Amino acid sequence: MTEALPPGATIGILGGGQLGRMLAVAAAELGLKCHIFCPDPDSPAFDVSAAQTIAAYDDRDALEAFVRSVDAVTYEFENVDLGAAEQIAALKPLRPGAKALEVSQDRLNEKQFLAGKDIPVGGFLTVDPFEPSARTLEFLFERLGETIVMKTRRFGYDGKGQAILKRDGGGLETLAGFAGQDVIFEAFVPFAREVSIMAVRGSDGEIAAYDVTENVHADHILATSTVPAGIQPETEQEARRIAARILHGLDYVGVLGIEFFVVGESGGEKLLVNEIAPRVHNSGHWTQDGCAVSQFENHIRAVADWPLGPTDRHSDIVMTNLIGQDAAEWRALAADPQARLHLYGKSEIRPGRKMGHVNRVTRRT
Ligand SMILES: Nc1ncnc2c1ncn2[C@@H]1O[C@H](COP(=O)(O)OP(=O)(O)O)[C@@H](O)[C@H]1O
Ligand SMILES: [Mg+2]
């Protein structure tokens, strides 16, 4: 265990999007300052932070100056370069650590890590390098079934870098479109629902987890997260057990998001881990209005080596993302007494852009 950061200390955050912004706001509530490092001068997190560095992520001099000016470093995205992570960790505590990045920024590493810990995942394989041929395709269908999800191993998000291969046509062309890239092939999981859990681990190994939330995507982007999720209590417990195993396995410090597929119904329900995110997560935004201490505050607490806050839920919540033009409705949303409105301060509305979210709160029954 290291020494806790005192109020007034500064946490450095790599990334200046909405997650960095909400982390900085949570830090400010605890009397901690944030210094945001982001290449985009128009970053939402800059509005609410004590210090800003505008520089490319591979600008090692700028990174070094940034790290020297802060007391600990965290990040809002998993694609932090491992060399940069090493450079940071040599100078200041990096939380979560490099191992979490290494595992989660490559879908193959991620699946192998999970499978190696006996955590249930769907079928997957790689063919490296793969030939976009009828033979390769046949091999894949034989091993993984009639429908396959092909994903780039790195840099995918919101469904980007993914394609479906089906036995009944078009597969070869789709496969050829990914030639030369490192990809993972996954068996299509016929899930009944998608759920996720946010869990947090302190540097002393203490663990807490929020309730499981049920997620619905539209156009591959998260649309709504609902708590409670419509799953069995045993399934909820299983999600917590899996979260604890992953957190300990990564010697993790901070909040971790885990996405699951739920297969089967009621008594026959089973969880498969889809992916993990070593950071606060969109499907955890409900915690801002459903819990005394949000995912953002608990992440900051863990990074600062403070005691974790309570994760129990006092309300039922439906979180709805405001994507693109949805945000133009801000006035009506602000007038709705059940809607807690969170806007990210992005100046320009663009299609598909996450502009904010709304937590609709009903008292817990
Ligand atoms: N193997 C799979 N079987 C069925 N659906 C999948 C599979 N992999 C991904 N999906 C669908 O695509 C969505 C996005 O995939 P995901 O792996 O979570 O990537 P990302 O969120 O990084 O874009 C998932 O939430 C799920 O709806
Ligand atoms: Mg996902």
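A cavity here is a set of grid points where a 1.4 Å probe fits but cannot get out, and its lining residues have an atom within 4 Å of a point. Keep that in mind for the first view; the model throughout is a predicted one.

**View 1. A look at what lines the largest cavity.** Eight names to find here: Lys111, Gly122, Gly123, Glu186, Ala187, Val189, Phe261 and Val273 line the largest cavity. The lining splits into four nonpolar, two polar and two charged residues. As for volume, the largest cavity comes to about 40 Å³. The count of cavities of 30 Å³ or more is one.

View 2. The model has six aromatic pairs. One of them joins Phe37 and Phe66 edge-to-face, with 5.2 Å centre to centre and 65° between the planes. This pair ties together distant parts of the chain, 29 residues apart: Phe37 sits in strand S2 (residues 33-37) and Phe66 in helix H2 (residues 60-68). Phe37 counts as buried because its relative accessibility is 0%. Phe66, at a relative accessible area of 1%, is buried too.

**View 3. Tyr210 and Trp286, a pair between two loops.** Tyr210 belongs to the loop between strand S10 (207-209) and strand S11 (213-218), while Trp286 belongs to the loop between strand S14 (270-277) and helix H9 (287-290), so the pair links parts of the chain 76 residues apart. Both Tyr210 and Trp286 are buried.

**View 4. A cluster of rings.** Back to Phe37 and Phe66: ring pairs link them with Tyr57 and Phe77 into a cluster.

Notes: Residues are numbered from 1 along each chain as its sequence is written. Chains are lettered from A and ligands numbered from 1 in the order in which they are written. This is a predicted model: local features need pLDDT of at least 70, side-chain atom pairs count only at pLDDT 80 or more; totals for chains, interfaces and linings use all residues. Side-chain values use heavy atoms; hydrogens and water are left out. On a 1 Å grid over the protein atoms alone, a cavity is a set of points where a 1.4 Å probe fits but cannot get out, and a pocket is an open set with protein on both sides within 12 Å along at least five of seven lines; lining residues have an atom within 4 Å of a point. Grid points are joined across faces, edges and corners, and a volume is the space filled by probe spheres set on the points. Ala, Val, Leu, Ile, Met, Phe, Trp, Tyr, Cys and Pro count as nonpolar, Asp, Glu, Lys and Arg as charged, and the others, Gly among them, as polar. Rings of Phe, Tyr and Trp (its six-membered ring) pair if their centres lie within 6.5 Å; planes under 30 degrees apart count as stacked, over 60 as edge-to-face and the rest as tilted. Helices (H or I, at least four residues) and strands (E, at least two) are DSSP runs, numbered from the N terminus. Buried means under 20% relative accessible area, exposed over 50%, partly exposed in between (1.4 Å probe, protein chains only).
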